[in-house]
Amino acid sequence: MTKGHRQTINDFFVNVFNKILLYEEQAMGKAGCRDLSMREIHVLEAVEGLEREKKNSMSRIAGRLSISVGSLTTSMNVLVRKGYVERESSMKDRRIVYACLTPKGRLAAKKHSRFHRQMVESLEQSLNEEEWDALTRALRTLETFFCTSGEKGAEKKNL
């Protein structure tokens, strides 16, 4: 890897990720979700995914988001107050709390999914099949680093 490669990758992480979040926030605002932060939208996304799997407990949602249950509770309190989520205690074990999207929450999650689909579709014509294959391989490598071994890798490099 050359110094230029390193700089390009660093610029990507610093600039592009921030731009994606900004663009996502603006798109969600235009879609009528002005009262939601990006963190709240991503909580809704996690609830929706885990709700489909019937695994929508607070601890599983926190795990999916890589945050503490306490941090999730703070976000959840706001989402309940705004009418996007409802909480239910388990009938078998009252200590287990499930989060469920309200119709308003489902609509916001659907708008967020639509944004992601449109973002990917807007890139479809830019690359040929060989480039898509190379890009998806590289993205899987990055996902593996950040989602499974990233912390261990960072520790080894003293980050």
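Visitor: What makes residues of the largest pocket's lining count as nonpolar, polar or charged?
Guide: Ala, Val, Leu, Ile, Met, Phe, Trp, Tyr, Cys and Pro are nonpolar, Asp, Glu, Lys and Arg charged, and the others, Gly among them, polar. The lining therefore divides into 21 nonpolar, eight polar and eight charged residues. This is a predicted model, where local features need pLDDT of at least 70 and side-chain atom pairs pLDDT 80 or more, while totals for chains, interfaces and linings use all residues. Numbering starts from 1 along each chain as its sequence is written, and side-chain values use heavy atoms, without hydrogens and water.

Visitor: Which residues lie nearest the centre of the largest pocket?
Guide: They are Phe12, Phe17, Ile20, Leu139 and Glu143, from a lining of 37 residues (each with an atom within 4 Å of a pocket point). Helices H1, H2, H3 (58-65), H5 (103-121) and H6 (129-156) each supply at least two lining residues.

Visitor: Why is H1 called roughly perpendicular to H2?
Guide: H1 (residues 3-30) and H2 (residues 38-52) pack at about 80°, with axes 10 Å apart. Roughly perpendicular covers 65 to 115 degrees, so H1 and H2 qualify. Leu21, Glu24, Glu25 and Met28 of H1 make the contact (heavy atoms within 4.5 Å) with Met38, Ile41 and His42 of H2. Four of these contact residues are nonpolar, one is polar and two are charged.

Terms used: Axes fitted to C-alpha atoms, helices over the stretch in contact; angles between N-to-C directions. Helix = DSSP H or I, 4+ residues; strand = E, 2+ residues; numbered from the N terminus. Parallel < 35°, antiparallel > 145°, perpendicular 65-115°, else oblique. 1 Å grid on protein atoms, 1.4 Å probe; cavity = no way out; pocket = protein on both sides within 12 Å on 5 of 7 lines; lining within 4 Å.
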